[in-house]
Every structure is written in structure tokens, then in C-alpha cells.
Number of protein chains: 2
Amino acid sequence: MRKQPRQKRSREMVKALVEATGQCIQRHGLDDTTTARIAEQAGVSVGSLYQYFGDKDALIAALLDRLAEDIAAGLRRLPLMAVTDLGEMVHRSIRFGFSVLRSRDGLYLELVRNWHRLPTNRVVDLLQQHFMELSRLYFLRHYRDYPIENLEVRVFIVTNSVLFTMVRHVSQGDLIDEEELARELTRMVAGYLGQPPQGDPP
Amino acid sequence: MRKQPRQKRSREMVKALVEATGQCIQRHGLDDTTTARIAEQAGVSVGSLYQYFGDKDALIAALLDRLAEDIAAGLRRLPLMAVTDLGEMVHRSIRFGFSVLRSRDGLYLELVRNWHRLPTNRVVDLLQQHFMELSRLYFLRHYRDYPIENLEVRVFIVTNSVLFTMVRHVSQGDLIDEEELARELTRMVAGYLGQPPQGDPP
DNA sequence: CCTTAATGCGAATATCTATTCGCGTTCAAT
DNA sequence: ATTGAACGCGAATAGATATTCGCATTAAGG
């Protein structure tokens, strides 16, 4: 941030600008999100925008930071460790994922689509680490006999598989019933995560 | 295509332009692929470009058509139906996928990353239909007892999971060993596709 | 060879967009 | 109330890019 907003009105402007950035991306897509539109949507002038954000990217980065916090809060609110069934745990996570993707009128959808040209590392790491920790605890509790040593690879695979399959599905018309998709994704993921490390089951 | 190239030289120019488009996307990324650069790379002028392509998008569409043919040819060359083991079949498909993603110095990688703003439907349908047909035949042959009725959903899930997990992996530094990733992806996919439709195994 | 249509050219054009800057306004501390 | 700093503004700037168009060059048929 180029300058710290010292007065109340300017702090509100900063918040409005970040919010407006989200609105623009959601309504017009990332490509047609211009500084002019953002300023207009926020009800301020382009000049003011540059008072607190070094450039457009900084604004988008601020938006992503804010959304990352929202997601972190949402994840904390999910009481997944109380669940004892692996399938149930996965299914709830997937339903949470769908609800996030559908929220904010498709803002998240557009952001994930454009992940490769946005500073999404923080958000990605957040998800990765959350599910990593969750699985670690789960397997410590339920599979003490054969510890899963390649958990990181499994979590990487599972996270990306679910996320992008969901995005692809929501991006299309609903050619597939969402309930069924969630169920089948759960089957795949739970089946895979429940598999013993290398050869045959104990 | 705006006009049909009638003479030999102009037909070569059309080919060179499509090829140059691929080069530019691969070297500079889709965002920095300009008509000027494409023309320069092809060794012709911008004006000539518009003689045969209505606009930039038409040029990119032509590139995608050409690559779709290449992929179709590659798939036809894979003798997958000769394989009797599901895991082996999946593993070979995944290795083929990695080889395509790595070919042409990352051109495919950049195209898949930007799938949502490119006319990728033809290519996506191609892959989808190929693996759909492959699985249909495989399951007709091996699982005649419990036919899998939701094959389309499964193929959708599996195709997207593998494709985008691969893209995410190649986009990062190689934080994960590619051999291991291919092996684990295979485990997940083969395990899932081998599962009986709803409840318990027969 | 000569004509005519096809081909090729690239400077010029029309837009669009991020970013700046000088000026007027508002705030807050004294 | 005064004053200096913070704030807010939006026209102007600089740079980029897709697309066009009038003119030059080349090929092919007669």
C-alpha cells in the first residue's frame, strides 16, 4: 500500500475500492476489469485509487488477501475433526467447496479460472495446509498402524482434482447433476485416501 | 478464414502464421502474443495476416484446430485397448498426458492454463469422447456383470482431475517427483474406476 | 509479352488503459 | 479561526494493440 490512510473517510475508501474490485471482476471478468471501472464502482476517482495502491496489481492482491481471510474463517467454522467417517469428512469438504465457488455471484470462480496470472499462492497454500493438517490428524487417529508417508502428494492431488473439477463443472452449463458429482468426487477421494500406502491392505 | 489462399506461396504463409502463433504463445505467453509479433515471427507483415484471418481469434482457433488433430493422432497411436490391466491402461494414459504437456516447450501448458478464454471446446470434447469410448469398451469387456451406468460422470471427473493436477504440477517448480505423482494419480483413478457402481463389491 | 487479379506490405488509424500531476477541498491540531 | 498536512479529483499523458487501406509486387492465363 502506497500510503497509510489516516482519516476515517479514506480508510472506508480503501475498503470500498477492494470491494469494488471484486464486483468488477465478478461482473465483467478479470480481463475487462479496468482501473476506471473500479474507481467508478467504488464511487471515487482514479486518482484516489493510486493514493493508496501502487498499481492495479496491488489492488487485486489486497482483494485476494481479504478473500483468503474469509476462506480461512469459513474453514475454521467447519467442524470436520468431529467427524469420524472419512467419506463424510470428504463429502462435507466438497460441499463447502461448492458453496464457496457459488458464493459472491461467481467471483471465486473467475479468480480460480485465472489462478495462473494472479498472486494466488497465499490462498493455495492456505487450502493445501489446511487439508494437510486435517488429514494428518485424521490418519494419526484412525490409521495408526500404517502411517501414510506420502500424505503431501496425496493432498496435492486431491485438492487440485476436486477444485478444478468443480470449476469446470460450474463453468459449463449444469450438464451433470451437482449432487451426483459431489457424491462421485467423494467416492473417488475417500477411496483413494483410505488406500494403504503401497501394496495390499493389512 | 477470410479468403482462400489460391497460390502455393500464400498457402505456406497461412501455415507459417499458425505455427508462429504457437511459437509466440509458447515464448511470451498468451497475453503478450500480439499480431505484430506473430507476423514478425512468421516473416510476413501484419497486413498479410488479415488477408486470410478475419481477426486474431481466428488465428488462434486455427492453431487449436491443428493441435487437436495432433492430439487425436497421438491418441490413435496409443494401443491402449490391447492392455488388460486397468491400472496399466490408466498409467499409460497419464504418461502420455505428461509427454503432451511437456512437448512444444510448454505451449500446451499455456493453452490449458488459459482454457477458459480460448475456443477449447473441440479439444476438450475430443479428450472426453476418446476416454469415454475407451472406458466403455474396457468395461464391456471386463465387468460385464455390473455395468457402470454413470460412466460419463466418472470420465468427466477423472479427465479433469488428471489434466489440471498435471498442469498445476508442471506450473510449479518440480516440488514433487513426477514419477511418484504419476503413480499416485494412477492409484487414485484406477481405484475409482474399478469401484462397483453404488454399494459393496459383488 | 501483357493484362488482370491475387498477393503482400507497413505506415496510419482508432481505441483502450494504466498511471501521473497540479489544483482545489477537507480535516485536525493548535 | 488558522494553517499545514492529508485527501480527493479527473483531465492529460504515455504506451500498447488490433485492424484498415492505398499502393507496390507477383503470379498466371491468353
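## Basis

This is a predicted model; local features need pLDDT of at least 70, side-chain atom pairs count only at pLDDT 80 or more, and totals for chains, interfaces and linings use all residues. Residues are numbered from 1 along each chain as its sequence is written, chains are lettered from A in the order written, and side-chain values use heavy atoms, without hydrogens or water.

## Interface

Buried area is the accessible area (1.4 Å probe) lost on being put together, summed over both parts. Phe156(B), Arg168(B) and Arg187(B) supply 22% of the area that chain B buries against chain A, more than any other three residues.

Four salt bridges cross the interface (a side-chain nitrogen of Lys or Arg within 4 Å of a carboxyl oxygen of Asp or Glu). One of them can be named: Arg154(A) pairs with Glu184(B), with the closest N and O atoms 3.7 Å apart. Helices are DSSP runs (H or I, at least four residues), numbered from the N terminus.

## Asp105

Asp105(A) has a positive phi near 55° and is not a glycine. Asp105(B) also has a positive phi, about 55°. Most residues other than glycine have a negative phi.

Asp105(A) sits in the loop between helix 5 (86-102) and helix 6 (107-113) of chain A. Asp105(A) is exposed, at 64% relative accessible area (exposed means over 50%, 1.4 Å probe, protein chains only). Asp105(B) is exposed too, at 63%.

Notes: Buried area is the accessible area (1.4 Å probe) that two parts lose on being put together, summed over both. Helices (H or I, at least four residues) and strands (E, at least two) are DSSP runs, numbered from the N terminus. Buried means under 20% relative accessible area, exposed over 50%, partly exposed in between (1.4 Å probe, protein chains only).
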